[in-house]
Structures are given as C-alpha cells and as structure tokens.
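Here's a quick briefing to read with the model open beside you. Have a look at the fold first, then work through the points below.

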Amino acid sequence: MAPAADAHSRDERRRRYALAGIPVYVVIDDFDDEGTVTVFSSPDPDKGTYATKTTVSYGTPVTVPEGPAKGLVIGEEVTRP
C-alpha cells in the first residue's frame with residue numbers, strides 16, 4: 001500500500017487537474033492490490049472534481065473516453081509485469 005503522503009499528493013494532483021479542466025487523468029497504480037488503472041474524466045473545474053471514475057485491474061482493458069487521447073485503450077500491453 002502506498003504511504004499516506006503519496007495518497008494525499010495524488011488527491012491534490014487530481015484536484016488541480018480537474019480545476020484546470022484537464023479532460024482525462026489516468027493513474028496506473030502498482031500499489032493498489034495487484035495493480036489498477038483508474039481513468040478520471042468529465043472534469044468539473046468549479047468543484048475541482050471529476051464526474052466519472054473508472055477503475056480496472058491490470059490486464060482489463062479500459063478506454064480513454066475523451067480528450068486528445070480519446071479511444072486509446074490501456075490494457076495488458078501497458079500493465080503487464
């Protein structure tokens with residue numbers, strides 16, 4: 001499990017990206033169970049949050065839903081050991 005300071009840093013970074021209107025924020029996390037990929041999308045700059053959060057385990061494909069990388073599939077080729 002990641003140290004609390006790292007979790008706080010990730011939360012703050014996600015908030016800042018949402019405030020800036022960054023359309024998608026992707027976290028590839030080796031420390032979450034066996035590894036996860038989380039895609040945050042649909043930012044709400046007024047609240048500093050993302051409306052959509054999709055988390056999958058390593059090996060399960062997830063598609064970037066919007067922004068410049070729209071349609072990019074993050075799957076086993078990215079997350080395999």
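Let's start with a side-chain pair: Thr 38 and Thr 55 make a polar contact through their side chains, at 3.0 Å. Keep in mind that this is a predicted model.

**Around Thr 38**
- Thr 38 sits in strand β2.
- Setting aside neighbours within four places in sequence, Thr 38 touches Tyr 25, Val 26 and Val 27, along with Lys 53, Thr 54 and Thr 55.

**The largest pocket**
- The largest pocket holds about 210 Å³ of space.
- Thirteen residues line the pocket, and Thr 38 turns up again among the closest to its centre, together with Arg 10, Arg 14, Asp 29 and Phe 40.
- Two or more lining residues come from each of α1 (4-19), β1 (24-29), β2 (36-44) and β3 (49-57).
- Helix α1 gives the largest share, with four residues.
- By type, the lining has six charged residues, four nonpolar and three polar.

**Nonpolar cores**
- Seven residues form the largest nonpolar core: Val 24, Val 37, Val 39, Val 56, Val 62, Val 64 and Ile 74.
- Within that core, Val 56 is in contact with Val 37 and Val 62, and it also touches Gly 35 and Thr 36, again leaving aside neighbours within four places in sequence.
- There's a second, separate core of five residues, including Ala 18, Tyr 25, Val 27 and Phe 40.

Terms used
Residues numbered from 1 in each chain as written. Predicted model: local features only at pLDDT ≥ 70, side-chain atom pairs only at ≥ 80, totals over all residues. Heavy atoms only, no water. 1 Å grid on protein atoms, 1.4 Å probe; cavity = no way out; pocket = protein on both sides within 12 Å on 5 of 7 lines; lining within 4 Å. Points joined across faces, edges and corners; volume = space filled by probe spheres on them. Nonpolar A, V, L, I, M, F, W, Y, C, P; charged D, E, K, R; others polar. Core = buried A, V, L, I, M, F, W, Y, C linked by side-chain atoms within 4.5 Å. Buried < 20%, exposed > 50% of the residue type's maximum accessible area, 1.4 Å probe, protein only. Contact = heavy atoms within 4.5 Å. Polar contact = N/O pair within 3.5 Å; in protein donor to acceptor, adjacent residues only side chain to side chain.
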